[in-house]
Amino acid sequence: MNAELAALLAAVLTGGVLVGQAAVDPNPVNRQQTQVKGFQEGDTAGVTLKNSSIVLSGNGLGGKSDGYRMPRPCWREPMMTAEEMHRLRVTERRQNSSLPAGERGTSNEDVQESAGKLNEKGMWWGAAANWSDPGAEACYAGLAEPVWVPEGTTPPGGITFEQLLQIARAALTVPEPKIKLSPDVKSYVNLETWVWLEGGQATPRSVTATLPGVMSATVTATPQALEIKSGTTDDRAKIGKDCGTTGHPYKKGEEFRCGVQYLRASIDQPRKAYTLTVTAVWNVTGSGTGGNAAALNYAPIRMSASRDVPVDEVQTIVTN
């Protein structure tokens with residue numbers, strides 16, 4: 001078996017796919033290195049590409065997912081040329097020739113089918129999925145058999161630009177807010193507690209999903225607002241809501257705009273502290289090239305963090 005055929009066979013047996021030698025690295029190990037592992041923890045889903053040549057890139061990868069789920073977690077995408085599929089089937093048939101006919105993985109009919117496509121223009125399309133989604137396995141099973149697709153057409157279940165955007169959106173993450181306070185360790189009744197986020201929280205985050213040689217889709221999250229909850233009722237706290245996207249660090253002499261002014265001590269609260277919650281709101285948009293590319297908007301991402309704020313009061317005695 002020559003090196004080219006060995007690489008082709010290894011790609012299929014290990015779950016890889018080829019979109020033509022010029023577009024995708026034929027080494028399945030190299031392709032796996034460009035794919036991004038995801039996760040599934042409760043309602044929080046990431047991305048794990050299975051049998052896909054889609055490449056994910058961008059600074060929005062690798063954080064904690066906000067739980068976005070693709071409406072349909074499987075699709076078909078270009079897998080092999082007519083020549084690649086026929087070589088594979090012929091090779092499988094030869095390797096299984098010693099087995100009884102009913103146990104062979106590739107039948108004479110399969111070989112004849114692929115041979116009949118050698119003079120046609122088109123590609124074999126195969127199933128792929130976001131394996132982190134709990135619905136992926138059942139969805140994938142319905143598309144498992146490769147199908148021949150004439151040039152210029154798309155099969156049922158074939159990947160669309162909108163679905164490529166959804167893959168990028170499912171992989172997109174934004175940083176969890178890192179709360180900074182002044183005063184930091186403890187606040188006092190009627191003292192203004194300034195709130196802001198640690199540096200680096202205002203940088204836009206993006207993920208690009210690329211189907212090599214076909215189309216590319218990018219989803220971008222941009223900081224939009226910072227919201228504060230004091231952890232108590234309005235009669236015990238006043239909130240400064242002019243926070244912009246990341247709040248305002250304390251600077252002597254500047255006007256207080258973003259934070260909380262607690263009006264009562266926290267001695268009667270659980271853990272003797274108020275639980276301050278900060279939510280970073282990110283605006284999410286999508287765009288791309290190829291296919292039926294169009295700009296799309298998604299619901300904002302809301303990422304929250306909390307911190308205990310002990311509030312003491314200064315006792316004073318007035319004398320004549």
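I began at Val284, which stands opposite Tyr298 in strand 16; strands here are DSSP runs of E with at least two residues, and helices are runs of H or I with at least four, numbered from the N terminus. The model is predicted: local features need pLDDT of at least 70, side-chain atom pairs count only at pLDDT 80 or more, and totals for chains, interfaces and linings use all residues. Residues are numbered from 1 along each chain as its sequence is written, and side-chain values use heavy atoms, with hydrogens and water left out.

Entry on the five-stranded sheet. I followed strand 15 (residues 274–289) and found it paired with strand 16 in the antiparallel sense over twelve bridges; pairing requires at least two DSSP bridges between two strands. The open sheet of five strands has the order 4-11-12-15-16, with antiparallel pairing. Strand 4 (55–57) and strand 16 (296–309) are the edges; each has a single partner strand, so one side of each is left without a neighbour in the sheet.

I read its order as 8-10-14-13, open and antiparallel. Its edges are strand 8 (179–182) and strand 13 (237–241), each with a single partner strand, so one side of each is left without a neighbour in the sheet. Strand 10 and strand 14 (residues 258–262) run antiparallel and are joined by three bridges. I noted Thr193 opposite Val260 in strand 14.

Entry on Leu191. I located Leu191 in the loop between strand 9 (187–188) and strand 10 (192–197). Why does Leu191 count as partly exposed? Its relative accessibility is 38%, and the class lies between buried (under 20% relative accessible area) and exposed (over 50%), with a 1.4 Å probe and protein chains only.
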